[in-house]
Amino acid sequence: MRFILACLLSLTFLSASDYIGTTTHNNDDFETEFNTNNSENLFDPLSGYNEVMTRVNDNFYEYLLRPTAQGYAYVMPEMARHGVSNFFENLFYPIRLVNNLLQLKFYNSLEETERFVLNSTMGILGFRDVAAEELGIKAHDEDLGQTLGYYGVGNGFHVVLPLFGPSNVRDIAGLAGDMWLNPITYMKGRHDANLLDNSGQAMAATAFYTINKTSLHVKEYDNFKKDAIELYPFLRDVYESRRTKLISE
Amino acid sequence: MNFFARIFLALLFTCNVSFAIPEADIPSFMQSNIDLATTILRDKKMPKPQKTEKLFTIFDSIFDYTLMAQLSLGGKQWASLASPKQTEFTKLFEMKLKTSYMEKLDLYTDEKIVIKNLEKIKDTRIHLTTHLMKNSEVYEIIYKFYKDKNGSWMIYDVDILGVSIIQTYRTQFADILTKDSFDSLLEKLKQPDEPTPK
């Protein structure tokens, strides 16, 4: 009798749990998987400003950057634009080298140097990425933000920079540091320029770099943006997760 | 007799549909799915609607949209909803995922996807790492599987370059819900294109 009762009871329990299972999954462990950086415990003191700046940047992209990039793409063949992009990436070698070294990635530093030498010579001033095309040596993108992250510096809160777009406290510090390693910063104009007083030429070069780069990725970016329901939290999340991933690599 | 035969057939059919993927077979199973999807994608003659229809029949068997919808909303919020709302949300969310995917199709050229690694996180979780190769660049995509109550492995999240799809929706939905009602969230899901300027 007792046995039958036990059987019956366990059966009802079974069906009960089955029933619960159909409406909501037992997903406590899922919750912990995602809750770590959920918005409830997300520290975002600048959210108001960030949201406004995201909109400003988005308008800048929609009404100025994209049309310019598209016009530029119309007159410049894609191959040339890839060349320009390679040229600039080659120029940023010091940033990658120093940060690879700082993260003790010696093999990567060596490869970066090989790339720089090969591309600057055989690749004609870096316009062709011979190292990757012919020898399969790929760039190892590292920046100071990643180096700081590598040594355990936390992200800090999220900040949307004018024109630059999503960033955070750590990466802003990184950007400032990387400026010292960026050859564009040291461009000399007609007058003798110093680091803090050559904004004209450097800005023009940076603008050209940005327009060129954008022209190569307009389709992807537009498509990516379509996934957003709310642009600011979307971009913030994508940026922060991406950076965390890059630092872990 | 006829009646029983029918039931038997129906049972057989449902069994086939909810065919459980054993753990060891995930890589080969996924590889064949990926290969199949790639052949469909590369078929230049096939019109787009037919393409997506074929692709979605593959996806529907391995993606747990209901769980994905739930996770994107968060357990607390989900539990507070009446069941018709849950169903409506799940439908809209599935649509959103699919439209987003369909839009990506236009960007497809000749990318290859190769399976790199299968990692068992715990008893009920498996991460399948794949690499998408475009020109000389490599993009990492991780498919996250869980073992459902029928013992078959289903995808509940996809990680692209370190960005979890579910997490991005989760933060967005949480953000919307702190300012707006659930119904306005549904409205926003209904018009998938163009994020509404606030």
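The model is predicted.

**Where the chains meet**

The size of an interface is often given as the accessible area lost when the parts come together. Here, chain A and chain B bury about 3900 Å² between them. Carbon and sulfur atoms account for 50% of that area. Three residues stand out on the chain A side: F34(A), I229(A) and E230(A). Together they supply 20% of the area that chain A buries against chain B, more than any other three residues.

How many residues does each chain bring to the contact? Chain A brings 37 residues, and chain B brings 48 residues.

Polar groups also pair up across the two chains. Between chain A and chain B there are 16 residue pairs in polar contact, counting pairs with both residues at pLDDT 80 or more. The count of salt bridges between the two chains is six. One of these links the side chains of K188(B) and E230(A), with a distance of 2.7 Å from N to O. E230(A) is also one of the three residues named above for buried area.

Which helices of chain A each supply at least two residues of the side that touches chain B? They are α1, α2, α3, α10 and α11. The table gives their residue ranges.

| Helix of chain A | Residues |
|---|---|
| α1(A) | 2-23 |
| α2(A) | 28-35 |
| α3(A) | 47-75 |
| α10(A) | 199-226 |
| α11(A) | 231-248 |

α11(A) gives the most to this side of chain A, with nine residues.

**Chain B**

Chain B has eight helices and five strands. What pattern do they follow along the sequence? The order is α-α-α-α-α-α-β-β-β-β-β-α-α.

Chain B has 198 residues, and 44% of them count as buried. Now take the contacts in chain B between residues at least 6 apart in sequence. Of these, 50% join residues at least 24 apart. Chain B exposes about 10700 Å².

**A nonpolar patch on chain A**

Chain A carries a nonpolar surface patch of about 600 Å². L101(A), L102(A), L104(A), F106(A), Y150(A) and Y151(A) make this patch. L104(A) lies in the loop between α5 (93-102) and α6 (106-121) of chain A. Is L104(A) buried or exposed? L104(A) counts as exposed because its relative accessibility is 52%, and the cut-off for exposed is over 50%.

Terms used. Residues numbered from 1 in each chain as written. Chains lettered and ligands numbered in written order. Predicted model: local features only at pLDDT ≥ 70, side-chain atom pairs only at ≥ 80, totals over all residues. Heavy atoms only, no water. Patch = residues over 30% accessible without salt bridge, like charges linked within 9 Å, V, L, I, M, F, W, Y side chains within 5 Å. Areas by Shrake-Rupley, 256 points an atom, 1.4 Å probe, with all protein chains shown as cover. Salt bridge = Lys/Arg side-chain N within 4 Å of Asp/Glu carboxyl O. Helix = DSSP H or I, 4+ residues; strand = E, 2+ residues; numbered from the N terminus. Buried < 20%, exposed > 50% of the residue type's maximum accessible area, 1.4 Å probe, protein only. Contact = heavy atoms within 4.5 Å. Buried area = accessible area lost by both parts, 1.4 Å probe. Polar contact = N/O pair within 3.5 Å; in protein donor to acceptor, adjacent residues only side chain to side chain.
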